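The sequence and the model are shown first, and a description by topic follows.

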Amino acid sequence: MNRSDTPQRDESIVADTTLERRSSLAIWVSRLEGPQTMGRGVLFWTVAALVVLAAAIYPLFSNPFAVGNSAYFMVWTFMAMGLGVVWGYTGALSFGQTAFFGLAGYAYGVLTINFGAAYGFTWIALLISVALGGLLALLIGYFMFYGRIRGVFIGIVTLSVTLVFETFMAQTAGPQWRIGDARLNGFNGMSGMPPLTVPWPGGDIVLYPGLGLYYVLLAMVVLCYLGLRMLLNAPFGNVLVAIRENPERAEMLGYDTRAYQMLAFGLGGALAGLSGALYTAWGQYITPSSMGLTAAALPIVWVAVGGRRDITATLLGTLAVLFGFQSLTVYGSQYALIVMGALLLVTVLLTPEGLFATAMRWIGRRFKGAQR
Amino acid sequence: MELIATAFAMAYQFGDAFAFLVISCAGLAIIFGMMGIINLAHGEFIMCGAYVTASTARMGFPLPVAILCGALVAGIVGMIVERTVVRHLYHRPLDSIIATWGISLIATQGVLIVLGSTMQGIGTPLGSIEVGERSYSAYRLVLMGAAVALLSGLYLLFYHTRFGVIARATIQRPQMAQALGVDTRRIYGLTFGLGAALAGLAGGLYAPTMTMVPTMGATFIVESFVTVVVGGADIFVGAAPAAAILAVIRAALTAWYGQLFGQIGLLLAVIIVIRVMPGGLSAWIKRTRQ
């Protein structure tokens, strides 16, 4: 049976009750593959391992600039995967992930400028920023989902939140706008915060954009990806998909859909916050325009083009679109945005599932055919 | 005298905010109320109307003619967009948001590339009037009149013309209307065109008061979205009272704390409103009437 082709099948909701009693670790590991994620079996994991290996040895064959650049791409993938969970799996289209991105980015800046980078505080700042992004998302999610708004309204409310945030931060220019030692600096944004720093006997390791940061980010992306796979194939993820497919039926089955949606939204916000804090740490600056209309459109483009209903397609699509976007920017950033808009239109009209998801399904069928 | 001047100042603030909300949200509210589609390219239709108005006005046409030209061009562009893109997405409302956002990105950047980062605007006409010690823009008073005229015009269109009857029938029971011989696709096309034309009208009306930049549509969208969300699906019992309520909030906060807090107040209002009355004002009003 090719279950991965029809993730919305009903038995997926109850599949876990048939599991034998096993240690919880074994259960979670077994959830690395399941009905809600594409890719299973030895072949898939071999390819996945080879890809990670290739990513790990890639810096040996490349220049430092390209490595720092790849790290920059990976910074964004967390926000994209979070949006994949919120939009693709839960069915709540959020335009405002950049609000959580920006909040966490500014929080990282304010915290590290005030408390410095000693004793590994940058990591604590990172955690606090991510938590703040998640909490804001939970709060907004509470009002939205417990107010039972759905569909297009979620998009509008989240978009308004991020645009108002942008307007607010853009007017914080004067010296009265400061938190501790950190000047918010209005439209020019904040800069000069320390990058992530690992405390180490005999001198801290400062993760400037380069080799060290690249490996840290690669590890984080892999962990986040595997963690999300497990979560999405767990009962929690099954309920999210059930809500996406038919909210009334999910509610009739006894699930408090509001709470599930709110939690998924919080998770998406926390992941967007992770991207935001890492972005600030990567470039040591953050500006209000990172929450503007164009910035808010980009995650939508990545996820829509990649394929929102599968976390693997989201991840690969995001990296590919980011790479393509930057290659285009070399020829003129004005045209890159037009290409983005056109890509979005073409995706929605021709491959609503997303280019990468459609391609992956096609490859999957080829392999199945060859094995028979 | 002092009292009258203060009262006039407050009424002016309120009227200004009300006119802005009504005029900027009308097109969005029509398209959403009739078709259930949120048009994220709304701001770009406004921009289109403003640009056309400014260029025709600078060619020497009188301003009212120029504004009508802006609305007309935006309406035609809207009908083309409906025919090529939106028509295929009626059964996928979320995807239609994404598609219109794609259009909005292309339009903003396209205008930036073709026409440059700013365009020479047109000055605000009609000068100013003096009440008490402060002076007020007379053109803004005209805008307030325009908002009221717009609402009355739409009311007449939807409740006292043949098109209005057919359009309302199409929203309420599309299959039934189709069975009675209504070309529903044409009605949807016309409705989308009307919404776009109203956006163009908004752009034209506000063109003399703004700087002409390709991103000028963005200044309208938060306010118009908020009004539509608070109002709900019906423009007359939803968007219009929502605009009145939000105008009070915005005028008061703007007067006391400044523009930004007016906007934040609107955002908080919308978040609270969706929590206590899902479906917006129009759903709430309809429920209490029953």
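At what angle do helix 2 of chain B and helix 9 of chain B pack, and how far apart are their axes?

## Packing of helices 2 and 9 in chain B

The model described here is predicted. In chain B, helix 2 packs against helix 9, which spans residues 218–231, at an angle of about 130°, and the two axes are 8 Å apart. Because angles over 145 degrees count as roughly antiparallel and 65 to 115 as roughly perpendicular, with the rest as oblique, helix 2 of chain B is oblique to helix 9 of chain B. The crossing of helix 2 of chain B past helix 9 of chain B is right-handed.

On the side of helix 2 of chain B, the contact is formed by H42(B), G43(B) and I46(B), while helix 9 of chain B contributes A218(B), F220(B), I221(B) and S224(B). By class, the residues of this contact between helix 2 and helix 9 of chain B comprise four nonpolar, three polar and no charged.

## Helix 2 of chain B

Helix 2 of chain B covers residues 42–58, which makes 17 residues. From its first C-alpha to its last, helix 2 of chain B reaches 25 Å, close to the 24 Å expected at 1.5 Å a residue.

Most of helix 2 of chain B is covered, with 15 of its 17 residues buried. Just after helix 2 of chain B comes G60(B), which takes a positive phi of about 115°.

## Where chain A meets chain B

Contacts between the two chains involve 35 residues of chain A and 32 residues of chain B. On the side of chain A that touches chain B, at least two residues each are supplied by helix 6 (121–146), helix 7 (152–170), helix 12 (293–306) and helix 14 (333–350) of chain A. Helix 7 of chain A gives the most to this side, with 11 residues.

The side of chain A that touches chain B is made up, by class, of 26 nonpolar, eight polar and one charged residues.

A272(A) belongs to helix 11 of chain A, which runs over residues 257–283. Is A272(A) buried or exposed? A272(A) has 35 other C-beta atoms within 10 Å, and a residue with 20 or more counts as buried, so A272(A) is buried.

Leaving aside residues up to four places away in sequence, A272(A) touches M79(A), G82(A), Q97(A), F100(A), F101(A) and G133(A). A272(A) and F101(A) are 171 residues apart along the chain, yet their C-alpha atoms are separated by 4.9 Å.

Technical notes. Residues numbered from 1 in each chain as written. Chains lettered and ligands numbered in written order. Predicted model: local features only at pLDDT ≥ 70, side-chain atom pairs only at ≥ 80, totals over all residues. Helix = DSSP H or I, 4+ residues; strand = E, 2+ residues; numbered from the N terminus. Expected span 1.5 Å × (residues − 1). Buried ≥ 20, exposed ≤ 12 C-beta atoms within 10 Å, placed from the backbone. Contact = placed C-beta atoms within 7 Å. Nonpolar A, V, L, I, M, F, W, Y, C, P; charged D, E, K, R; others polar. Axes fitted to C-alpha atoms, helices over the stretch in contact; angles between N-to-C directions. Parallel < 35°, antiparallel > 145°, perpendicular 65-115°, else oblique. Left-handed = near helix turned anticlockwise from the far one by under 90°.
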